[in-house]
Amino acid sequence: MMTLKKNKEAVFEHVRQATKAAHRPEDSVHIIAVTKYVDAQVAKELCETGIEHIAENRVDKFLDKYQALKKENLTWHLIGTLQRRKVKDVINYVDYFHALDSVKLAAEIQKRAEHPIKCFLQVNISEEETKHGFKANEVEAALSEIAAFDKIELVGLMTMAPLAATKEEIADIFNQTQELNHHLHNLHLPHMPFTELSMGMSGDYDIAIQNGATFVRIGSAFFEE
Ligand SMILES: *Cc1c(COP(=O)(O)O)cnc(C)c1O
C-alpha cells in the first residue's frame with residue numbers, strides 16, 4: 001500500500017513535470033493506470049490513491065476488474081487487441097477502446113454497441129510486421145469505410161513504439177503520429193474528432209507528452225518495488 005501510494009505520487013509528479021516542460025496546460029494529459037500485472041484487490045488499492053482512469057489489455061481480465069470495481073466511479077479503458085468474437089462480451093462496459101485496428105472490427109463494434117463508443121484508431125507508424133494497426137497511408141481509406149458506423153466515435157490515434165527503439169526513434173514515431181492526428185482532425189469528419197492522442201507507457205511517456213499525448217498508458221511504474 002505504501003509503495004503504491006509512493007509510486008502513484010512519483011508517476012503523477014513526473015507527468016506534471018513533463019507536461020510543464022512541454023509548455024502544455026497541466027490538465028491536458030490524462031493518466032491511465034494499466035492494472036494487468038495485479039489482481040482486483042491491488043488494483044482497488046491503487047485506485048484509492050486517487051486514480052480516475054483504469055485499463056486492461058485482455059477481455060477476461062477487463063471483465064474481472066470491471067466486476068470487482070465497477071462501483072468505484074472509474075473511467076474504463078480497453079487497450080489491447082480485441083478479437084471480433086469477443087466484442088459482444090465487453091464493448092458496452094468500455095468507455096474508451098484504444099486498439100481499433102481493422103474495418104472488420106469496427107463493423108462488429110457497430111453491430112454490438114448499444115451507444116457510441118469512444119475509440120482510438122491504432123496506427124503502426126514504424127510498420128513493424130509484428131505490430132497491429134493501420135499503416136499511415138491506409139488510414140484515410142479506412143476512415144471512408146468507418147464513416148458509415150455511427151457507434152464508433154474516433155477520438156484520436158493510438159500508437160506504440162517498437163521495444164528496441166532508441167529515444168530518437170521513439171520521438172520520431174510519436175511526432176509523426178501527432179502530425180497525422182492533426183491532419184485527421186482538420187478533415188472535420190462527422191463522429192471523428194481526432195482531438196485525443198493515446199501514446200506513452202512507463203518507459204517513454206515523457207517523450208509522448210512532449211509530442212502531444214493526451215492519454216498516457218502507465219503500468220509497471222505503479223507497481224515496481
Ligand atoms: C501493458 C501495456 C501498457 C503499459 O505498459 P508499461 O510498460 O507496463 O507501462 C500500455 N499499453 C498497452 C497496450 C499495454 O499492453
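Predicted model: local features only at pLDDT ≥ 70, side-chain atom pairs only at ≥ 80, totals over all residues.
Q: What does the side chain of Lys36 have to do with an oxygen atom of the ligand?
A: An N or O atom in the Lys36 side chain is 2.7 Å from an oxygen atom of the ligand.

Q: OK, and how far is a polar side-chain atom of Ser202 from an oxygen atom of the ligand?
A: For Ser202, the distance from a polar side-chain atom to an oxygen atom of the ligand is 2.5 Å, while the side chain of Arg217 has an N or O atom 2.9 Å from a nitrogen atom of the ligand.

Q: How much of the ligand's accessible area does the protein cover?
A: On its own the ligand has 390 Å² of accessible area, and the protein covers 89% of that.

Q: Which pocket is the space taken by the ligand?
A: The ligand takes up the largest pocket, which holds about 610 Å³ of space. This pocket is lined by 24 residues, of which Lys36, Lys131, Met160, Met201 and Arg217 are the closest to its centre.

Q: What's the lining of the largest pocket like by class?
A: The lining of the largest pocket divides into eleven nonpolar, nine polar and four charged residues.

Q: Switching topic, what volume does the second largest pocket have?
A: The second largest pocket has a volume of about 230 Å³, and the residues that line it include Phe12, Val15, Arg16, Glu26, His30 and Ile51. By class, its lining has five nonpolar, four polar and three charged residues.

Q: Where does the largest share of that lining come from?
A: The largest share of the lining of the second largest pocket comes from α1, with four residues; α1 (2-21) and β1 (30-34) each supply at least two residues of this lining.

How values were computed
Residues numbered from 1 in each chain as written. Heavy atoms only, no water. Polar contact = N/O pair within 3.5 Å; in protein donor to acceptor, adjacent residues only side chain to side chain. Areas by Shrake-Rupley, 256 points an atom, 1.4 Å probe, with all protein chains shown as cover. 1 Å grid on protein atoms, 1.4 Å probe; cavity = no way out; pocket = protein on both sides within 12 Å on 5 of 7 lines; lining within 4 Å. Sits in = over half its atoms within 2 Å of the grid points. Points joined across faces, edges and corners; volume = space filled by probe spheres on them. Nonpolar A, V, L, I, M, F, W, Y, C, P; charged D, E, K, R; others polar.
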